[in-house]
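Reader: Can you walk me through this one? I'd like to start with the pockets.

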Amino acid sequence: MIYIWLNLVPILIATALGLMIGAAYRVTFDRSAGRMSIGAIVTAALGLFWFASILAGALILAPPKAAPWIMAVGSAVVIWAGFVLPVVAITHSYRGGRAAFIGRDSLYWLLTMVAQAVAMKLIGLVPPPV
């Protein structure tokens, strides 16, 4: 987990980017929800920080089997498709969510993860010492 401290700035920037995308999503699609509590914002920030941290680890550890940008975006898409999409779809389905909500929320997470990967790739990540 030392890689998180070594890459704190790119991870924090990716977190802020995720919060901005989330705010834009909320203004666009979730107008009736009202104001978010401080607790909900803190929870979102912590969750997005953890997402960016895990994604940074995946980007650092990704084997150089393709071009670096393909690996960066591809890692975000694979994590989204393998973990995030099923969780969003299952959770919404259990709660009786409509397909439109499942689709929008899933696309929010895909956009957020790709944006975080691109931001961290542009800034650069430092692998942990061996």
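Author: α4 gives the most to the lining of the second largest pocket, with three residues. Helices here are DSSP runs (H or I, at least four residues), numbered from the N terminus. A pocket is an open set of points on a 1 Å grid over the protein atoms alone, where a 1.4 Å probe fits, with protein on both sides within 12 Å along at least five of seven lines; lining residues have an atom within 4 Å of a point. This is a predicted model: local features need pLDDT of at least 70, side-chain atom pairs count only at pLDDT 80 or more, and totals for chains, interfaces and linings use all residues. Residues are numbered from 1 along each chain as its sequence is written, and side-chain values use heavy atoms, with hydrogens and water left out.

Reader: What volume does the second largest pocket have?

Author: About 270 Å³. The volume is the space filled by probe spheres set on the points, which are joined across faces, edges and corners.

Reader: Which residues lie nearest its centre?

Author: L59, I60, A62, P68 and K121, out of 15 lining residues.

Reader: And the largest pocket, what's its volume?

Author: About 510 Å³. Of its 16 lining residues, G22, A23, R26, M36 and A44 are the closest to the centre.

Reader: Which element gives the largest share of that lining?

Author: α2, with eight residues.

Reader: New topic. Where does S53 lie?

Author: S53 is in helix α3, residues 38-61.

Reader: What is S53 in contact with?

Author: Y3, I4 and I11, leaving aside neighbours within four places in sequence. Contact means heavy atoms within 4.5 Å.

How values were computed: Helices (H or I, at least four residues) and strands (E, at least two) are DSSP runs, numbered from the N terminus.
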